[in-house]
Amino acid sequence: MGKTSSKLNKNDLRELESSTHFKANQLRKWYKDFVKDCPDGHMTKEIFEKIYGQFFPTGNPSRFVDYIFNVLDVNKDGVVTFKEFITALSVTTHGSIDEKLSWAFRLYDIDSDGYVCRSEMLDIVTAIYRLHGKFDRSLGENDEPEWRVNQLFDKLDKDKDGKITCEEFCKGFKNDPAIVRALKPQDTSESVS
């Protein structure tokens, strides 16, 4: 993968069909769109930020993009290949609740040490607030990232050791009916628009 070809070869297509929740026609469509934006077959952080930013015109996506890109770039070579991109997209749109929560944990575990500490969670939550254009201390304490992080730590850090394991993260969010509803896998029979 990562070739400049406008088509996926049969082997890559078969591999992605077996390792993702997408069908061949969906993969071909996603690949066509990917190479339109990334003709050399690799997505840079700058390209990703430009694309991602279109969905959040009133916010500042740059910090959040850094964190997302870090999770997408599985082999840490500074670019995201189509395979890395479509694999993440498959998990985040059609994966099971456990797959989605594990992926989200990797996003929050910025230093990849197996734990989410308060500062990591604050960095991500602050980035999310900025992404949505909502980081403004004048909004009141209930809208501040620090308040949200304290709320999440109270809920997730069951052993109160100041860090959240993947197990605590997943179990805590799976006990929240609103989160579970939001994370339910989408119907994979839908076509890509």
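Predicted model: local features only at pLDDT ≥ 70, side-chain atom pairs only at ≥ 80, totals over all residues.
| Salt bridge | N to O distance |
|---|---|
| Glu15 and Lys83 | 2.4 Å |
| Asp33 and Lys36 | 3.8 Å |
| Asp98 and Lys174 | 2.7 Å |

Let's start with Glu15 and Lys83, whose side chains meet in a salt bridge. Glu15 sits in helix 1 and Lys83 in helix 5, so this pair ties together parts of the chain that are 68 residues apart in sequence. Glu15 is partly exposed at 31% relative accessible area, and Lys83 is partly exposed too, at 34%.

Asp98 and Lys174 also form a salt bridge. This pair links distant parts of the chain, with Asp98 in helix 6 and Lys174 in helix 9, 76 residues apart. Asp98 counts as partly exposed at 41%, and Lys174 is partly exposed at 40%.

Asp33 and Lys36 both lie in helix 2, three residues apart, which is about one turn of the helix. Lys36 is exposed, at 59%.

Back to helix 9: its buried residues are Glu168, Phe169, Cys170, Gly172 and Phe173. Among the parts covering them are helix 6, helix 8, strand 4 and helix 10.

Finally, look at two lysines in loops. Lys76, between helix 4 and strand 2, has a positive phi near 55 degrees without being a glycine. Lys160, between helix 8 and strand 4, has a positive phi of about 55 degrees, and it isn't a glycine either. Lys76 is partly exposed at 49%, while Lys160 is exposed at 53%.

Methods: Residues numbered from 1 in each chain as written. Heavy atoms only, no water. Helix = DSSP H or I, 4+ residues; strand = E, 2+ residues; numbered from the N terminus. Buried < 20%, exposed > 50% of the residue type's maximum accessible area, 1.4 Å probe, protein only. Contact = heavy atoms within 4.5 Å. Salt bridge = Lys/Arg side-chain N within 4 Å of Asp/Glu carboxyl O.
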